[in-house]
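Please read it with the structure open.

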Amino acid sequence: RMVALLGATTLMLVAVALWVLPAAAGGKHLKSQKVEVDIIDDNFILKWNRIDESLRNATFSFDYQKSGTDNWRKLPGCQNITSTKCNFSSLKLSVYEEIKLRIRAEKENTSSWYEVDPFTPYNKAQIGPPEVHLEAEDKAIMINISPPGTKNSVMWALDGLSFRYSLVIWKNSSSGEEEIKNICSIHKIYKLSPETTYCLKVKAALPKASKVGLYGPVYCIKTTVENKLPPPKNIEVSVLNQSYVLKWDYAYANMTFQVQWLHLHFGRLRQ
């Protein structure tokens, strides 16, 4: 049984925006605030700190501008915000083109706009944790890894087959760890102990883009009771037209067998 025990998060700093809200007559200047952009996979979030009590009842609004245009547009999900963060993941844009943001605060009066340095979402995006599914045998664990992001990810749309993975595995009762690097989305770990709980965590990377994600949740699974039966021998595959037949020899009669397969693509990646 697979159990997720621990989560991981990461923050990608894009820019710092500082502005001052002009004082009303006889009023007090509002102190500057720091704004950060957190991009993980297809999740875009703006965050800021409310460090000045005078900003407690202020609202904040954001505009955006696409590369090559002069028009500023309202940033969806980030208008008249009273909290300290907003989500603009619904914005439809090319992740490979620059985008610029501008910010203002409002409280009785309105600050001037502050423009944040332009950034390219793909260059700033952090790789999120991949999903992991485990299947236990008596002396092995089969690991199936799903690429980071959603099924229809925009951020990693061109990178689905380029992800490589690393994992760290350890016995639940031991502090000793083993790191396995540069594996594909389907991987099998052999030479384990039966009836033993193992835990592991996985991270994804895009070597060509020089991007390395953080380790995701910890997954634990217990290997099964040791299988005393010997493995099949003399395994052969015969092919006739589009008919494929798998043959093997076995020492005992009246037995049932289970067969697993691995797509040729993954075999090539391991070479």
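Strands here are DSSP runs of E with at least two residues, numbered from the N terminus. With strands counted that way, β14 gives the most to the lining of the largest pocket, with 3 residues. The model is predicted, and the values below are computed from it.

**Largest pocket**

- The largest pocket holds about 1400 Å³ of space.
- Its lining is made up of 28 residues, and those closest to the centre are Glu-137, Lys-188, Gln-258, Val-259 and Gln-260.
- Three strands each supply at least two residues of this lining: β11 (141-146), β14 (186-189) and β19 (243-249).
- Sorted by class, the lining of the largest pocket consists of 16 nonpolar, 6 polar and 6 charged residues.

**Second largest pocket**

- About 190 Å³ of space is found in the second largest pocket.
- The second largest pocket lies between domain 1 (36-124) and domain 2 (131-222), because both give residues to its lining.
- Residues lining the second largest pocket include Asp-42, Phe-44, Phe-88, Ser-89, Leu-91 and Lys-92.
- Also among the lining residues of this pocket are Leu-93, Val-95, Thr-150, Asn-152, Ser-153 and Val-154.
- By class, the lining of the second largest pocket comprises 6 nonpolar, 4 polar and 2 charged residues.

**Cavity**

- The count of cavities of 30 Å³ or more comes to 1.
- The largest cavity has a volume of about 40 Å³.
- Lys-66, Leu-93, Ser-94, Glu-97, Glu-98 and Ile-99 line the largest cavity.
- The lining of the largest cavity has 3 charged, 2 nonpolar and 1 polar residues by class.
- Leu-93 is one of the residues lining the largest cavity, and Leu-93 is also among those lining the second largest pocket.

**Sheet β10-β11-β14**

- An open sheet of 3 strands runs in the order β10-β11-β14, with antiparallel pairing.
- β10 (131-136) and β14 are the edge strands, each with a single partner, so one side of each has no neighbour in the sheet.
- From one strand to the next, the twist in this sheet averages 20 degrees.
- The antiparallel pairing of β10 with β11 extends over 6 bridges.
- Opposite Ala-136 stands Ile-141 in β11.
- Two strands of this sheet, β11 and β14, each supply at least two residues to the lining of the largest pocket.

**Sheet β2-β3-β6**

- Another open sheet has 3 strands in the order β2-β3-β6, and its pairing is antiparallel.
- The edges are β2 and β6 (85-87), each with a single partner strand, so one side of each is left without a neighbour in the sheet.
- On average, neighbouring strands of this sheet are turned by 20 degrees against each other, direction ignored.
- β2 pairs with β3 in the antiparallel sense over 6 bridges.
- Asp-38 has Ile-45 in β3 as its bridge partner.

**Hairpin β12-β13**

- Strands β12 and β13 form a hairpin, with 5 residues between them.
- β12 (residues 164-171) and β13 (residues 177-183) pair in the antiparallel sense, over 5 bridges.
- Ile-169 stands opposite Glu-178 in β13.

**Loop residues**

- Asp-41 sits in the loop between β2 (35-40) and β3 (43-48).
- Phi of Asp-41 is near 55 degrees, which is a positive value in a residue other than glycine.
- Is Asp-41 buried or exposed? Asp-41 has a relative accessible area of 10%, and buried means under 20%, so Asp-41 is buried.
- Glu-195 is in the loop between β14 and β15.
- Glu-195, a residue other than glycine, has a positive phi, near 50 degrees.
- Ser-210 belongs to the loop between β15 (197-206) and β16 (211-212).
- Ser-210 has a relative accessible area of 66%, and exposed means over 50%, so Ser-210 is exposed.
- Ser-210 and Asn-123 are 87 residues apart along the chain, and their C-alpha atoms are separated by 9.9 Å.

Definitions and conventions:
Residues are numbered from 1 along each chain as its sequence is written. This is a predicted model: local features need pLDDT of at least 70, side-chain atom pairs count only at pLDDT 80 or more; totals for chains, interfaces and linings use all residues. Side-chain values use heavy atoms; hydrogens and water are left out. On a 1 Å grid over the protein atoms alone, a cavity is a set of points where a 1.4 Å probe fits but cannot get out, and a pocket is an open set with protein on both sides within 12 Å along at least five of seven lines; lining residues have an atom within 4 Å of a point. Grid points are joined across faces, edges and corners, and a volume is the space filled by probe spheres set on the points. Helices (H or I, at least four residues) and strands (E, at least two) are DSSP runs, numbered from the N terminus. Ala, Val, Leu, Ile, Met, Phe, Trp, Tyr, Cys and Pro count as nonpolar, Asp, Glu, Lys and Arg as charged, and the others, Gly among them, as polar. Domain bounds come from an automatic or database domain assignment. Two strands pair if DSSP finds at least two bridges between them. Axes are lines fitted to C-alpha atoms, for helices over the stretch in contact, and angles run from 0 to 180 degrees between N-to-C directions. Buried means under 20% relative accessible area, exposed over 50%, partly exposed in between (1.4 Å probe, protein chains only).
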